[in-house]
Amino acid sequence: MTTAREIMTSGTECIGAEESVLDAARKLKDLGVGALPICGTDNKLKGMLTDRDIVVKVLGAGKDPSECKAGELAQGEAVTIGADDTTEEIIRTMTTHKVRRLPVIDGHDLVGMVALADAARALPDPKAGELIEALSTD
């Protein structure tokens, strides 16, 4: 069975909880990604920040992205997956929590990110379709 470690994108970068949302937006652009893990000063995962969060919760709410801290957008405990968890567990976690990206944790360390596309590529065609359908409906 395929594991998260085998399909993840490694070298995932964080945005610091004390960094501005403007810095986060620049980092998203520079890295060419749509989401970043938010890490605290203790290097522990505090949540996820997406490009949509920036648009809806900052710009749409009339907040100044240079004054708003990335950590303000962290909502509760981040949904993660273990590096040695199987694709079935990845699918179950994505479907249950309705998320398209999962930070991959090995012990207490962030080691990568698994996106919906990564999981779908690792599945037989019928299961990939079920995953995408489950995450595309509200």
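1. Helices here are DSSP runs of H or I with at least four residues, strands are runs of E with at least two, and both are numbered from the N terminus.

2. Before going on, please note that this is a predicted model, in which local features need pLDDT of at least 70, side-chain atom pairs count only at pLDDT 80 or more, and totals for chains, interfaces and linings use all residues. Residues are numbered from 1 along each chain as its sequence is written, and side-chain values use heavy atoms, with hydrogens and water left out.

3. Back to the helix pair: α2 covers residues 21-31 and α3 residues 51-59, and they pack at an angle of about 145° with axes 10 Å apart. Axes are lines fitted to C-alpha atoms, for helices over the stretch in contact, and angles run from 0 to 180 degrees between N-to-C directions. On the α2 side, V21, A25 and L28 meet D51, I54 and V58 of α3, contact being heavy atoms within 4.5 Å. By class, this contact has 5 nonpolar residues, 1 charged and no polar ones.

4. Next, have a look at the sheet. Three strands in the order β2-β3-β4 form an open sheet with mixed pairing; strands pair if DSSP finds at least two bridges between them. At the edges are β2 (15-16) and β4 (45-50), each pairing on one side only. Helix α2 packs on this sheet, touching β2, β3 and β4, and its direction makes about 135° with that of β3.

5. Strand β3 (residues 35-39) runs antiparallel to β4 and is joined to it by 5 bridges. C39 counts as buried because its relative accessibility is 9%, where buried means under 20% relative accessible area, exposed over 50% and partly exposed in between (1.4 Å probe, protein chains only).

6. The structure holds 1 disulfide, a pair of cysteine sulfur atoms within 2.5 Å. It joins C14 to C39, with S to S at 2.1 Å. The two lie 25 residues apart and link distant parts of the chain: C14 is in the loop between β1 (9-10) and β2, C39 in strand β3.

7. Finally, K98 sits in the loop between α4 (87-97) and β6 (101-106). Its phi is positive, near 55°. Most residues other than glycine have a negative phi.

Key: Nonpolar A, V, L, I, M, F, W, Y, C, P; charged D, E, K, R; others polar.
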